[in-house]
Amino acid sequence: MSDIGFNEGTVSIGTDDGKTLVLKTGTLVTTAVTADQVVLTYTVTVAKTFFVEYVTLDGFLTSTPGNANPVKLGTISLETPSGTKAITADRFQSLGNTFVLPFSEPLPVAAGVVIRVVCTPFSASSMTWRTGFGGYER
């Protein structure tokens, strides 16, 4: 995980007994100014708790403009439960500027709860949104 900008040694995960690793990624290309477009969704397994250890949030113009001026893309958010924004980041055009948030203690999400990442583009320009989150279920 260290290749995406954080030290995986900062998260306390306890014993590995009974854990199932959960790593999810999502990508969405948008061309409309519509709120809360879903980039990634995951429903926590019945009778399990999902412990989220990190989230990555990124967005960029699908075709890079010919100038170096910053371009506001919009916002991208982690929701848990679905519809409740836990983390929101404003994104500006800049490849390789991924917002990475490791949790010092995993974020618990209860069984059956939908966790998702949504974006709200600032313009109708073609934008690519990428995200990922990971942790474990027990």
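Q37 sits in strand β2, residues 37-43. Strands here are DSSP runs of E, at least two residues long, numbered from the N terminus. This is a predicted model: local features need pLDDT of at least 70, side-chain atom pairs count only at pLDDT 80 or more, and totals for chains, interfaces and linings use all residues. Residues are numbered from 1 along each chain as its sequence is written, and side-chain values use heavy atoms, without hydrogens and water.

Q37 is buried, at 17% relative accessible area (buried means under 20%, with a 1.4 Å probe and protein chains only). A polar atom of the Q37 side chain lies 3.1 Å from the backbone oxygen of T34. Beyond neighbours within four places in sequence, Q37 contacts L28, T30, A32, V117, V118, C119 and P121 (contact: heavy atoms within 4.5 Å).

## The open sheet

An open sheet holds 4 antiparallel strands, ordered β1-β8-β3-β6. Pairing requires at least two DSSP bridges between two strands. β1 (20-30) and β6 (99-109) are the edges; each has a single partner strand, so one side of each lacks a neighbour in the sheet.

β3 (residues 50-61) and β8 (residues 127-137) run antiparallel, joined by 11 bridges. V52 has its bridge partner in β8, at G135.

## The nonpolar core

The largest nonpolar core has 23 residues; F50, I115, V117 and F133 touch the most other members. Such a core is a set of buried Ala, Val, Leu, Ile, Met, Phe, Trp, Tyr and Cys residues joined through side-chain atoms within 4.5 Å. β3 gives the most, with 5 residues.

I115 has contacts beyond four places in sequence, including L40, F50, V52, L78, V109 and F133.

How values were computed:
Buried < 20%, exposed > 50% of the residue type's maximum accessible area, 1.4 Å probe, protein only. Polar contact = N/O pair within 3.5 Å; in protein donor to acceptor, adjacent residues only side chain to side chain.
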